[in-house]
Amino acid sequence: MDTILLQLIPFFAIIGLGYGAGVTKIFSPEATAALSKFVFFFALSAMLFRFAANLSLSEIFDLPFIAAYLSGTTLIYILATAVAIARRKGMQEAAIEAQCAVIGNVGFLGIPVFLLLIGPESIGPVMLALAVDLIIFSSLVVILITAGRDDHITSAVFKKVALSLFKNPMVMSITLGIIWSYLALPIPKPMNDFLDILGAAAAPGALFAIGASLAGKSAGQVKVASWLSFCKLVLHPAAVAFFAFYVFDVDPFAAGVMIALAALPVAGNVFIIAQNYNVAPQRASAAILISTVISIFTLTIILKYVMSF
């Protein structure tokens with residue numbers, strides 16, 4: 001059996017364990033929501049802050065990387081939007097489909113997998129890609145849905161977007177960590193141990209939460225969900241690879257991390273946005289479920305490729 005697949009099996013086994021707990025009702029939807037909040041607001045934030053605080057700004061900020069990732073992601077975003085509009089879907093549904101096509105599960109799946117398989121040096125590129133996803137595309141979907149619903153965009157929408165970014169623990173933990181690093185502040189041992197212990201809960205908690213949340217997902221609308229999964233798992237990594245290698249000359253290691261990030265399955269927060277605005281939640285749900293299952297194989301292939309760099 002492929003060695004990369006063998007290394008990935010424990011991660012997907014924990015997801016499967018969470019799925020089993022959700023299906024059998026050992027873990028209720030309320031328990032899943034509580035676990036997700038713990039990981040999102042505390043464990044994952046502690047991990048991101050600790051890594052950011054121990055990295056220099058030069059290790060995190062990489063303009064060619066940002067340009068390549070943003071260009072490739074935008075290309076697939078436009079493609080998915082165009083296909084949705086060609087199917088006579090409105091701006092709101094097109095925005096959700098485009099979000100499914102490019103926003104991967106970086107926080108809950110990418111970070112645990114990459115830390116173990118690629119190493120701590122992958123965290124800089126991971127945080128850059130995560131920042132692009134959260135600041136640009138998570139803001140864009142809210143703006144497009146609001147514009148499609150109200151036929152105009154008010155200043156209140158931008159205030160809402162700015163406030164949501166300010167309240168997002170991943171954005172704030174990375175930002176505070178970078179500031180801490182820039183000021184060259186030492187991390188006292190008790191604080192470092194606290195962050196280390198709390199952050200260690202992020203990987204198993206996040207993976208279990210993914211599985212438990214999938215228990216409530218439906219595989220309806222398979223045709224559209226399969227197309228969106230194809231965009232996310234195949235077209236998105238291909239697009240960022242093209243821009244990384246042939247347009248912006250990104251460092252090979254960072255390019256490999258970027259390609260693997262783009263190959264992650266659809267993020268769970270896409271469903272949360274779709275459900276919150278009542279825009280195609282079943283479609284988003286199906287795309288998350290199908291892309292997560294298929295990614296067991298596609299992510300294995302892509303990780304084997306990028307880890308050869």
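Which residues do ring pairs link into a cluster? I looked, and the cluster is F242, F243, Y246 and F248.

**Ground rules**

I note that this is a predicted model: local features need pLDDT of at least 70, side-chain atom pairs count only at pLDDT 80 or more, and totals for chains, interfaces and linings use all residues. Residues are numbered from 1 along each chain as its sequence is written, and side-chain values use heavy atoms, with hydrogens and water left out.

**Entry: ring pairs**

A pair of aromatic rings is described by the distance of the centres and the angle of the planes. My rule: rings of Phe, Tyr and Trp (its six-membered ring) pair if their centres lie within 6.5 Å. Planes under 30 degrees apart count as stacked, over 60 as edge-to-face and the rest as tilted. By this rule I get 10 aromatic pairs.

I took F27 and F208 to begin with. Their ring centres are 5.0 Å apart and the planes stand at 75°, so I filed the pair as edge-to-face. Helices here are DSSP runs (H or I, at least four residues), numbered from the N terminus.

I then checked accessibility. Buried means under 20% relative accessible area, exposed over 50%, and partly exposed in between (1.4 Å probe, protein chains only). F27 has 22% and is partly exposed. F208 has 16% and is buried.

Next came Y77 and F137. The centres of these rings are 5.4 Å apart and the planes lie at 40°, so this pair is tilted. Y77 belongs to helix α4 (residues 63-86) and F137 to helix α7 (residues 123-150), 60 residues apart. I found both Y77 and F137 buried.

**Entry: α5 against α12**

I asked how helix α5 (residues 91-102) and helix α12 (residues 222-246) pack. The angle is about 40° and the axes are 7 Å apart. Axes are lines fitted to C-alpha atoms, for helices over the stretch in contact, and angles run from 0 to 180 degrees between N-to-C directions. Angles under 35 degrees count as roughly parallel, over 145 as roughly antiparallel, 65 to 115 as roughly perpendicular and the rest as oblique. I therefore list α5 and α12 as oblique to each other.

For contacts I use heavy atoms within 4.5 Å. On the α5 side I see E97, C100, A101 and V102; they meet V224, L228, C231, K232 and H236 of α12. The contact residues divide into 6 nonpolar, 1 polar and 2 charged. Ala, Val, Leu, Ile, Met, Phe, Trp, Tyr, Cys and Pro count as nonpolar, Asp, Glu, Lys and Arg as charged, and the others, Gly among them, as polar.

I followed L228 in helix α12. L228 is buried, at 0% relative accessible area. L228 and C100 are 128 residues apart in sequence, yet 6.3 Å apart in space, C-alpha to C-alpha. Leaving aside neighbours within four places in sequence, L228 is in contact with E97, C100, A101 and A287.

T73 lies in helix α4. I read 0% relative accessibility, so T73 is buried. Its side chain makes a polar contact of 2.9 Å with that of H236. A polar contact is a pair of N or O atoms within 3.5 Å; within protein, one must be able to donate a hydrogen and the other to accept it, and residues adjacent in sequence count only if both atoms are side-chain atoms. Not counting residues up to four places away in sequence, T73 touches V102, F137, H236 and V240.

N105 is in the loop between α5 and α6 (106-117). N105 is also buried, at 11%. I traced its side chain to the backbone nitrogen of F108, at 3.4 Å. Beyond neighbours within four places in sequence, N105 has contacts that include G110, I210 and L264.

**Entry: positive phi**

Which residues did I note? K25 has phi near 70°, a positive value in a residue other than glycine. K25 is in the loop between α1 and α2 and is exposed, at 61%. For N278, also not a glycine, phi is near 55°. N278 is placed in the loop between α14 (268-277) and α15 (281-306) and is exposed, at 63%.

Technical notes: Helix = DSSP H or I, 4+ residues; strand = E, 2+ residues; numbered from the N terminus.
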